[in-house]
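The structure comes before the text.

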Amino acid sequence: MNNNEILEWLREVQHPAKGDQSVVALGMVDEIKCEEGRIHVTLAFPKRPDPLKNYLVGAVQACLYRNAPGGTEIEVDTVVKDPAKPKKGIEFNLEQLREVSHIIGVASGKGGVGKSTVAVNLAVALARLGYRVGVADADVYGPSIPTMTGTEGVTIEMYGEDENDNLFVPVEKYGVKWLSVGHVSNAGQALIWRGPMASTALKQIILQTQWGPLDFLLIDMPPGTGDIHISLIGDVPMSGAVIVTTPQNVALADVLRGVNMFRNPQVNKPIFGLIENMSWFTPEAHPEEKYYLFGKDGGTKMAKDLDIPLLGQIPLVQGIREGGDSGEPVALGSRPDSLAFLELARKIAESV
Ligand SMILES: Nc1ncnc2c1ncn2[C@@H]1O[C@H](COP(=O)(O)OP(=O)(O)O)[C@@H](O)[C@H]1O
Ligand SMILES: [Mg+2]
């Protein structure tokens, strides 16, 4: 139970005198406090008396009782203040994520560890297992999904009449829906950059896109652990995250930062586990050989130290890099490294 989830519930509560718009759309939800066994919601009413005030307080209470686990203590109070003006155009509501079952952040403490490679191949592998999958490439610093999927230069279609409720239509390829910051800036779409901050752009990629029904939406997060990340994790109702790392000891500090970002009490999202990439090197010509260039049990030890499961190990092989460069992810094939991604996909689907 988190604030985003509660906000979603409150969309059921409509204001009968305001064209049945929800209290959320009307900006009347002033504050939500949610802790173990207790939810406190404050509704904002304007100075002008609202004859439906008591009705709405009751409706919000009823909605919370209906949706919260049994025994949850519910409190609703009110404050007099003009409701926040709903923002036009880039008002981020969760409408487009309604039919998405699980949103998983693919994160890493730092760049270059293979986060995008893992995200792309994991998505393709999940699709091969029969799941409906989307990938949002939110890496504003280095969006690589267009190249890795051979979709650079495609023109992103927009859906919707009014410029203010335009939606991106993701690119479909390999049975997966893809949308990248790179696609959108390639296409010269001004919309995405209208917001002043990178974090706005990111949220547009995720929240202003017509995803439709999906079992999994993977988010290729920007590397690192800054404000952009906290804001993204706070505003997008992620089910949790997987963290990609390489086995070297030096990576531990970065991974720890990544883990703490999700465990931060403000966001508090579960971490499904660690994915160790480049675990060993296998020459193309000798697929049975394994060379542990960075030591053998870095990932296992790291997972143990951080008390999270190790979901999988992906070898360092030339084919994975070539698949990324050529836009044909290895997970499409049946080589040993393709199977490693299928195994990983199975594990993740299970643990989610
Ligand atoms: N397991 C692997 N085997 C071979 N090359 C890899 C592997 N994982 C990643 N790479 C390559 O390493 C580079 C960085 O990977 P990338 O996924 O872009 O990292 P990140 O998204 O973390 O910055 C890319 O050229 C990619 O093809
Ligand atoms: Mg990347």
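Helix 3 (115-128), strand 14, strand 15 and helix 10 (318-326) each contribute at least two residues to the shell around ligand 1. The model is predicted. The shell around ligand 1 holds 18 residues, of which G114, K115, S116, T117 and G324 are the closest. Sorted by class, the shell comprises seven nonpolar, nine polar and two charged residues.

Helix 9 (residues 298-306) has G298, G299, M302, A303 and L306 as its buried residues. These lie on the same side of helix 9 because they cover an arc of only 125° around the axis. An α-helix has 3.6 residues a turn, so residues three or four places apart point the same way. The buried residues of helix 9 pack against strand 13 (240-245), helix 8 (252-263), strand 14 (271-281) and strand 15 (310-316). Just after helix 9, D307 adopts a positive phi of about 60°.

Elsewhere, three strands make up an open sheet in the order 3-4-5, with mixed pairing. Strand 3 (29-35) and strand 5 (73-80) are at the edges with a single partner strand each, so one side of each has no neighbour in the sheet. From one strand to the next, the twist averages 15°. Strand 3 and strand 4 (residues 38-45) run antiparallel and are joined by six bridges; C34 is opposite I39 in strand 4.

| Helix | Strands contacted | Angle |
|---|---|---|
| Helix 1 (residues 3-10) | strand 3 and strand 4 | about 130° with strand 3 |

How values were computed
Residues are numbered from 1 along each chain as its sequence is written. Chains are lettered from A and ligands numbered from 1 in the order in which they are written. This is a predicted model: local features need pLDDT of at least 70, side-chain atom pairs count only at pLDDT 80 or more; totals for chains, interfaces and linings use all residues. A residue is buried if 20 or more other C-beta atoms lie within 10 Å of its own, exposed if 12 or fewer, and partly exposed in between; C-beta atoms are placed from the backbone. Helices (H or I, at least four residues) and strands (E, at least two) are DSSP runs, numbered from the N terminus. The arc is that of the directions from the helix axis to the C-beta atoms. Two residues are in contact if their C-beta atoms, placed from the backbone, lie within 7 Å. A residue is near a molecule or strand if its C-beta atom, placed from the backbone, lies within 6 Å of it. Ala, Val, Leu, Ile, Met, Phe, Trp, Tyr, Cys and Pro count as nonpolar, Asp, Glu, Lys and Arg as charged, and the others, Gly among them, as polar. Two strands pair if DSSP finds at least two bridges between them. Axes are lines fitted to C-alpha atoms, for helices over the stretch in contact, and angles run from 0 to 180 degrees between N-to-C directions.
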